[in-house]
Amino acid sequence: MHCALYDADRCRSCQWLKIPYSQQLEQKQAHLQSLLAAFPVAAWQTPTGSAQQAFRNKAKMVVSGSVERPVLGLLQRDGSPVDLTSCPLYPASFAPVFELLKPFIARAGLTPYNVARRRGELKFLLLSESTLDGKLMLRFVLRSTNKLAQLRAALPWLQQQLPQLSVISANIQPVPMAILEGEEEIPLTENQALAERLNHVPLWVRPRSFFQTNPAVAAQLYATARQWVSELPVKAMWDLFCGVGGFGLHCATPEMQLTGIEISAEAIACAQRSAQQIGLEKVQFAALDSTRFATGEEAVPDLVLVNPPRRGIGAELCAYLSRMAPAWLLYSSCNAESMAQDIARLEGYHICRVQLFDMFPHTAHYEVLTLLQRQ
């Protein structure tokens, strides 16, 4: 992949860009194997690669510059702005949206936030696209509600220019720190859920619910989990850190008892909507802390699927799972180092299968799916 921003030393987000892609996969696989060297692995599956460009369905743009000439992209360490609207990781459909958002910022009078001076209102623009129908979700991250009325008044022009805008909201992030979003989300359209579909499974994404940024590889990850689970005698499973329910909804059958747990109420609302749309009746999704839920339960499911944030599931949940001793554990991780630490804590399990999914080309990051069986 060629990137003019990289060549000009303006952006180094893709640290591995100059490494041939086949070599990137080899290095990631070698890193994963080194992390799991202390644990016998029954079967290493072939790594799943990604498209090398235009694979992202989401853009997180820092807004800088002036209200008349905003810059959408990032800030370098010295505070100078970098325009990322032509980043080759984004689909071609994003470019015309960015070009219309620039004059819209002036129309709405949304002064870009100045980090050094702690002045201005508009901090970030968050844009997501559905692979199902090309509909868009747009979130304005503001310092306060001071410009909210102006934003609302200007929106009809933007919606007329971009009829594919399906979900629009304003997030209020008042803290003068590099935090992407705040706790308050204000809907600006009646619809607040973006429809998605992976492997014929309907999924819904709300403004504050997490969804993978590489949907093509995510679809392969979910399909693989479904295949592995289908080969096991599973009648009941837990899906912990379930997000919008991607894993559980792929793995569940009409006969299976599925319990999905996620701290985000918005994500749980999406998962419940999908389960109802599919017609799954033996499914329960709840907005709870996954560790607190699991350690408070006495029933033992056949399989526990975990998909934690980068910190992993932690010592407390590992200890409880070891005592609870479900027959199978399926661990999806975006940080193989914390996963390896967790596996070391899980007593009485051996690794059946491991597969790497390259969700993040041109970086050292990757996703991994690991199936463990009780010995």
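1. Helices, as the term is used below, are DSSP runs of H or I with at least four residues, numbered from the N terminus. The model is predicted. On this assignment, C3 belongs to the segment before helix 1 (4-7), and C11 to the loop between helix 1 and helix 2 (21-35).

2. An unreviewed UniProt entry carries the annotation "binding site" for C3, C11, C14 and C87. These residues span 85 residues in sequence, yet no two of their C-alpha atoms are more than 10.7 Å apart, so they gather at one spot.

3. Is C3 buried or exposed? Its relative accessible area is 12%, and C3 is therefore buried, the limit being under 20%. Residues up to four places away in sequence aside, C3 touches L17 and P88.

4. C11 has a relative accessible area of 14% and is likewise classed as buried. When neighbours within four places in sequence are left aside, the contacts of C11 are with L5, Y6, L74 and L84.

5. Turning to charged pairs, side chains of opposite charge can pair when their charged atoms come close. The structure holds 13 salt bridges. One of them joins the side chains of R12 and D9, with an N to O distance of 3.4 Å. R12 is partly exposed at 40% relative accessibility, and D9 is partly exposed at 48%.

6. A salt bridge also forms between R208 and E183, whose closest N and O atoms are 3.6 Å apart. This pair links distant parts of the chain, 25 residues apart: R208 sits in the loop between strand 10 (201-205) and helix 5 (215-230), whereas E183 sits in the loop between strand 7 (165-172) and strand 8 (184-187). R208 counts as partly exposed, at 29% relative accessibility, while E183 is exposed, with a relative accessible area of 68%.

7. Which residues are linked with R208 and E183 in a network of salt bridges? The network also includes R139, E181 and E185.

8. R206 forms a salt bridge with E266, and the closest N and O atoms of this pair are 3.9 Å apart. R206 lies in the loop between strand 10 and helix 5, and E266 in helix 7 (residues 265-278), so the pair ties together parts that are 60 residues apart in sequence. The relative accessible area of R206 is 25%, which places R206 in the partly exposed class.

Note on methods
Residues numbered from 1 in each chain as written. Predicted model: local features only at pLDDT ≥ 70, side-chain atom pairs only at ≥ 80, totals over all residues. Heavy atoms only, no water. UniProt positions renumbered as here; feature names shortened; annotations may be inferred. Helix = DSSP H or I, 4+ residues; strand = E, 2+ residues; numbered from the N terminus. Buried < 20%, exposed > 50% of the residue type's maximum accessible area, 1.4 Å probe, protein only. Contact = heavy atoms within 4.5 Å. Salt bridge = Lys/Arg side-chain N within 4 Å of Asp/Glu carboxyl O.
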